[in-house]
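Dear colleague,

Please find below the structure that I am handing over to you. My findings follow directly after it.

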Amino acid sequence: MAYEISYSPQDNHRYPIFRPRKKLPKWLLCVALAGVTVLAIPQVRQQIGQALLPGDQETTREAVTAFVEDVRQGVSIPDAFQAFCREIVKDVEVPKTTD
């Protein structure tokens, strides 16, 4: 158990107690720097955008915008998500398979 004895409290301002500052871990700094570097490359940004918004970019972007607006207007999240999914699959053409 740590303790401290102070015989002369008036001297505390002359001899302040050292308390080390908390620093961010070095691995966290490296990960953040690597992330910024990767996102600075245009091809990588495009691939990440394609992965997050698959299919037709314009249709997906409009559906996401409609989803956010529905939630802001007080529509329940399940109903807004259902409308989002319907908007996404509305124009999808499913190829016919021959069995």
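Which residues does Ile-88 touch, not counting residues up to four places away in sequence? They are Thr-59, Thr-60 and Ala-63. Please bear in mind throughout that this is a predicted model.

**Overall architecture**

The protein chain contains 4 helices and 0 strands, and its pattern along the sequence reads α-α-α-α. Of its 99 residues, 6% count as buried. The accessible surface of the chain amounts to about 9,600 Å², and carbon and sulfur atoms account for 62% of that area.

Ile-88 is placed in helix H4, which covers residues 77-89. Ile-88 counts as partly exposed because its relative accessibility is 25%, a value that lies between the limits of 20% and 50%.

Thr-60 belongs to helix H3, residues 57-72. With a relative accessibility of 6%, Thr-60 counts as buried. Apart from neighbours within four places in sequence, Thr-60 is in contact with Leu-53, Pro-54 and Ile-88. Thr-59 is likewise found in helix H3, and its relative accessible area of 16% makes it buried. Beyond residues up to four places away in sequence, Thr-59 touches Glu-87 and Ile-88.

**Salt bridges**

The count comes to 3 salt bridges:

- Glu-87 is bridged to Lys-90, with the closest N and O atoms 3.4 Å apart. Glu-87 is partly exposed at 27% relative accessible area, whereas Lys-90 is exposed at 52%.
- Arg-61 is bridged to Glu-58, with a closest N and O separation of 3.7 Å. Both residues lie in helix H3, 3 residues apart, about one turn of the helix. Arg-61 is partly exposed at 41% relative accessibility, and Glu-58 is partly exposed at 42%.
- Glu-69 is bridged to Arg-72, the closest N and O atoms being 3.7 Å apart. Glu-69 and Arg-72 are separated by about one helical turn because they are 3 residues apart in helix H3. Glu-69 counts as partly exposed at 35% relative accessibility, while Arg-72 counts as exposed at 67%.

The search of the whole structure returned 2 aromatic pairs. Phe-67, Phe-81 and Phe-84 form one aromatic cluster.

Leu-24 is located in the segment before helix H1 (26-39). Its relative accessible area of 66% makes Leu-24 exposed.

**Cysteines**

How many disulfides does a search of the whole structure find? The search finds 0 disulfides. Cys-30 is exposed, having a relative accessible area of 52%, and Cys-85 is partly exposed, having a relative accessible area of 31%.

With kind regards

Methods. Residues are numbered from 1 along each chain as its sequence is written. This is a predicted model: local features need pLDDT of at least 70, side-chain atom pairs count only at pLDDT 80 or more; totals for chains, interfaces and linings use all residues. Side-chain values use heavy atoms; hydrogens and water are left out. Helices (H or I, at least four residues) and strands (E, at least two) are DSSP runs, numbered from the N terminus. Buried means under 20% relative accessible area, exposed over 50%, partly exposed in between (1.4 Å probe, protein chains only). Contact means heavy atoms within 4.5 Å. Rings of Phe, Tyr and Trp (its six-membered ring) pair if their centres lie within 6.5 Å; planes under 30 degrees apart count as stacked, over 60 as edge-to-face and the rest as tilted. A disulfide is a pair of cysteine sulfur atoms within 2.5 Å. Accessible areas come from the Shrake-Rupley method with a 1.4 Å probe; for residues, only the protein chains shown count as cover. A salt bridge is a side-chain nitrogen of Lys or Arg within 4 Å of a carboxyl oxygen of Asp or Glu.
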